Amino acid sequence: VQLQASGGGLVQAGGTLRLSCAASGSISSINDMGWYRRAPGSQRELVAVITSGGDTNYADSVKGRFAISRDNAKNTVYLQMNNLKPGDTAVYYCKAEVVRPVGLYQFDYWGHGTLVTVSS
């Protein structure tokens, strides 16, 4: 199973970016999918998570500005980021709770990070 993330880049404060993360490989189903970030000198933190049924949860710092969504048919999760602030600068990672076809065991998979830089 691989997670391919894309969509990071450099944007000015107040701008928007949309991150995508597609899971591929031997997948029976995917439970929660989420986005995490690690800012320079900080620990990785949860940004947003979405269940297979579409329930969402956000970090307080991004509520009202970010929106997480998913396309179950494409095994893809998105993060729409609006009104970006310099404090959002970080490497963003996607995560998927993948249920493998053999044995129906669940494993956590992470995508490579994608850098988001917000200039003031």
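How many helices and strands are there in the protein chain? The protein chain holds 0 helices and 11 strands, where helices (H or I, at least four residues) and strands (E, at least two) are DSSP runs numbered from the N terminus. The model is predicted, so that local features need pLDDT of at least 70 and side-chain atom pairs count only at pLDDT 80 or more, while totals for chains, interfaces and linings use all residues. Residues are numbered from 1 along each chain as its sequence is written, and side-chain values use heavy atoms, with hydrogens and water left out.

**Overall form**

- From the N terminus on, the order of elements is β-β-β-β-β-β-β-β-β-β-β.
- The protein chain is as compact as a globular protein of its length, because its radius of gyration of 14 Å is close to the 14 Å that the globule rule gives for 120 residues; the radius is taken over C-alpha atoms, and the rule is 2.2 Å times the number of residues to the power 0.38.
- The C-alpha trace spans about 50 × 25 × 25 Å along its principal axes.
- Buried residues (under 20% relative accessible area, 1.4 Å probe, protein chains only) make up 40% of the 120 residues of the protein chain.
- Contact means heavy atoms within 4.5 Å; among contacts between residues at least 6 apart in sequence, 55% join residues at least 24 apart.

- Strand β1 (residues 2-6) has Leu3 and Ala5 on its covered face, and Gln2, Gln4 and Ser6 on its uncovered one.
- Strands β1 and β3 (residues 17-24) run antiparallel and are joined by 5 bridges; two strands pair if DSSP finds at least two bridges between them.
- Ala5 has Cys21 as its bridge partner in β3.

**Val116**

- Val116 lies in strand β11 (residues 114-119) and is buried, with a relative accessible area of 0%.
- Gly8 is 108 residues from Val116 in sequence, yet the two C-alpha atoms are 4.9 Å apart in space.
- Beyond its neighbours within four places in sequence, Val116 is in contact with residues including Gly8, Leu17, Leu19, Met81 and Tyr92.

**Charges over rings**

- A charge sits over a ring if NZ of Lys or CZ of Arg is within 6 Å of the ring centre and within 35 degrees of the ring normal.
- Arg18 lies over the face of Tyr78, 4.1 Å from the ring centre.
- The charged end of Arg44 sits over the ring of Trp110, at 3.9 Å from its centre.

Note on methods. Buried < 20%, exposed > 50% of the residue type's maximum accessible area, 1.4 Å probe, protein only.
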